[in-house]
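This report covers chain architecture, a sheet, a helix pair and a chain interface. Please read it alongside the model shown here.

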Amino acid sequence: MSFVNLKDIRVSYDGKQNILKDLSIDMKKGELVSLLGPSGCGKTTTLRVIAGLIKPQAGQFLLETQNLTKVPVHKRNFGMVFQSYALFPHLTIAENVAFGLKLRKEKKAVIDEKVKNMLAICGLENLGERYPKQLSGGQRQRVALARALVIEPELLLLDEPLSNLDAKLRVAMRIEIKRIQQRLGITTVFVTHDQEECFSISDKVAIMNNGIIEQYDTPEVIYRRPKTKFVAQFIGFENFFSVIRVDEKHYKADNGQVFTTAAADSDGETATATIRPEDIEIVSSANEDTVAGRVVVRTFLGKSYQYEIATELGTLLVNGSAEQIYATNDPILLVFPAEKLVILDN
Amino acid sequence: MHKQKGMTIIAICVFLFLFLPLCLIVVTSFGTAAAIQFPIKGFTLDWYAKALQSETFMSSFKLSLIIGGLATLLALLIGVPAAYALARYSVKGKNLIKSFFLSPTVIPGIVVGYSLFQFIVIQLGLPVFQGLLMGHFLISLPYIIRVVGSSMEQMDYSIEEVAWTLGCTRLRAFIQIVLPNVSSGIFAAFMLAFVNSFNNVPVSMFLSGPGVTMLPTSLLSYMEYNYDPTVSAISVLLMLLTIALMFLIEKTLGLASIA
């Protein structure tokens with residue numbers, strides 16, 4: 001039974017171009033779902049439709065069985081964290097957090113208690129009297145989270161909440177968010193363009209492109225088995241070459257070589273094979289499965305080297321270990337492990 | 001280096017050119033002679049006493065205060081929501097509307113005064129007080145829209161959106177979140193519009209009626225028959241008032257942000 005249900009949502013700002021093209025998605029209760037995609041893909045728009053800040057031209061939004069499509073934003077009871085944190089500059093931290101509770105006309109003692117608890121959960125003890133200006137970026141971020149959570153919302157909406165923090169803090173904060181989210185068991189929608197961030201904390205990921213969802217699955221499945229070329233490229237697959245289907249597990253490349261795969265869902269005649277640079281193995285002896293090539297460019301990545309290798313299949317990117325280093329123009333033999341070679345529908 | 005020195009000298013000259021006449025007025029206001037003259041012969045505060053005791057000046061001063069205050073308040077009531085709408089929403093013909101609202105600041109004051117006279121006195125036939133109020137309301141509005149508008153444009157609107165998500169209605173969010181965050185802009189706009197209305201001559205001149213005159217107008221008509229330092233004394237008092245108000249604006253918003 002889905003908790004959040006978006007159905008055929010269409011959004012257009014100018015009436016001509018659609019930002020969201022009949023987008024549908026289901027989320028289960030208590031899940032942390034990420035919307036991941038490049039800028040302009042519609043992920044923030046989707047979040048704003050859920051929040052009620054944008055009215056879709058078509059489609060509907062159900063929360064459990066309730067139709068919220070036409071319910072105004074202030075009656076939805078969702079907590080939202082903006083990229084800029086959007087703290088009220090003229091109110092103290094405690095007043096910021098208490099804002100939503102005051103609107104709900106709770107008793108002062110109850111408000112004080114809840115604010116105190118939430119500040120403690122978010123690691124903001126003793127900061128209640130300060131103003132947003134006096135806080136660091138990470139602290140402000142936690143205030144924004146506390147303010148959204150204290151109203152006990154049915155949904156938590158996070159719009160790139162970590163993008164204004166420095167790299168180290170970003171990792172710490174995403175664990176923090178996951179911890180608080182699990183502790184409160186709150187269904188959460190997380191918008192981001194950072195792949196690592198999204199994979200590390202999400203129960204499910206929706207990869208968006210051009211107003212549609214290209215793939216919606218667990219991070220592990222998306223990482224190992226992308227369904228479309230866009231998803232594959234977006235999550236780090238580099239090498240693409242066209243193949244013809246022989247049978248369920250065997251595909252023939254243009255040069256006549258047949259590759260075995262354990263990761264094909266395709267049933268078309270022609271397809272595209274792809275593999276990550278780090279999944280290609282470099283071997284020393286040739287056999288019928290190896291691909292021969294020549295090193296064109298070598299770049300140093302830190303823990304490994306990356307080679308651009310000219311082969312009959314085209315130019316391939318391959319990561320090699322620091323133990324055996326190849327020089328430009330060196331011959332090299334490659335193997336594509338069957339469980340790592342992914343076949344995409346054309 | 002030479003260039004900078006030259007610029008400094010020019011700047012000082014310009015400053016003196018602007019500032020000396022004002023100094024002259026301050027000095028002459030303390031002179032003992034019955035006509036304004038410089039240098040002064042003796043020192044007296046009599047002209048200040050005379051100015052403050054004059055029925056005409058005091059009643060026109062009061063009227064200027066009342067008209068200026070009321071007109072500016074009215075302009076705030078209309079101008080603040082208008083500035084909000086212009087800053088926040090993509091209204092059709094937004095730029096046209098904006099320049100239309102600002103037009104009274106670019107059209108010569110005498111033209112504004114004359115056209116308001118034609119409209120308010122001849123066409124509408126409003127009583128003098130209401131006519132003055134309306135005229136000053138109209139010349140205040142552009143300042144309000146411009147100054148409040150610029151501080152609204154600088155505001156991060158996600159704080160308003162976040163207030164909605166926390167359960168705030170639009171009106172309430174406007175009052176509790178938007179207004180407090182543009183309060184310095186509103187205060188500065190009020191001061192600026194008030195000073196402008198208080199100092200305005202053409203509009204007051206065209207719209208004044210028998211027995212109902214604003215301070216600048218009564219100063220002018222007084223000078224037609226008298227040339228004594230009372231006018232200097234009043235000018236000094238007005239300068240002090242304006243300086244105080246400008247100081248308040250500078251404190252709250254910074255003059256640079258409205259220029």
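Of the 346 residues of chain A in this predicted model, 40% count as buried, meaning that 20 or more other C-beta atoms lie within 10 Å of a residue's own, with C-beta atoms placed from the backbone. The model is predicted, so local features need pLDDT of at least 70 and side-chain atom pairs count only at pLDDT 80 or more, while totals for chains, interfaces and linings use all residues. Residues are numbered from 1 along each chain as its sequence is written, and chains are lettered from A and ligands numbered from 1 in the order in which they are written.

Chain A has 8 helices and 21 strands; these are DSSP runs numbered from the N terminus, with at least four residues (H or I) for a helix and at least two (E) for a strand. The C-alpha trace of chain A spans about 75 × 45 × 35 Å along its principal axes.

An open sheet in chain A has 6 strands in the order S6-S7-S8-S3-S9-S10, with mixed pairing; two strands pair if DSSP finds at least two bridges between them. S6 and strand S10 (212-217) stand at the edges with a single partner strand each, so one side of each is left without a neighbour in the sheet. From one strand to the next the twist averages 15°. Within chain A, strands S7 (residues 155-159) and S8 (residues 188-192) run parallel and are joined by 4 bridges. Leu156(A) stands opposite Thr188(A) in S8(A).

Leu169(A) lies in helix H5 (residues 167-184) of chain A. Leu169(A) has 16 other C-beta atoms within 10 Å and is therefore partly exposed, the class between buried and exposed, where exposed means 12 or fewer.

In chain B, the axes of helix H5 (residues 109-124) and helix H6 (residues 128-153) come within 10 Å and cross at roughly 135°. Axes are lines fitted to C-alpha atoms, for helices over the stretch in contact, and angles run from 0 to 180 degrees between N-to-C directions. H5(B) is therefore oblique to H6(B), since angles under 35 degrees count as roughly parallel, over 145 as roughly antiparallel, 65 to 115 as roughly perpendicular and the rest as oblique. Residues are in contact if their C-beta atoms, placed from the backbone, lie within 7 Å.

| Helix | Residues in the contact |
|---|---|
| H5(B) | Val112(B), Leu116(B), Ile120(B), Val121(B) |
| H6(B) | Gly131(B), Met134(B), Gly135(B), Leu138(B), Ile139(B) |

Between the chains, 18 residues of chain A are in contact with 14 residues of chain B.

Conventions
Two residues are in contact if their C-beta atoms, placed from the backbone, lie within 7 Å.
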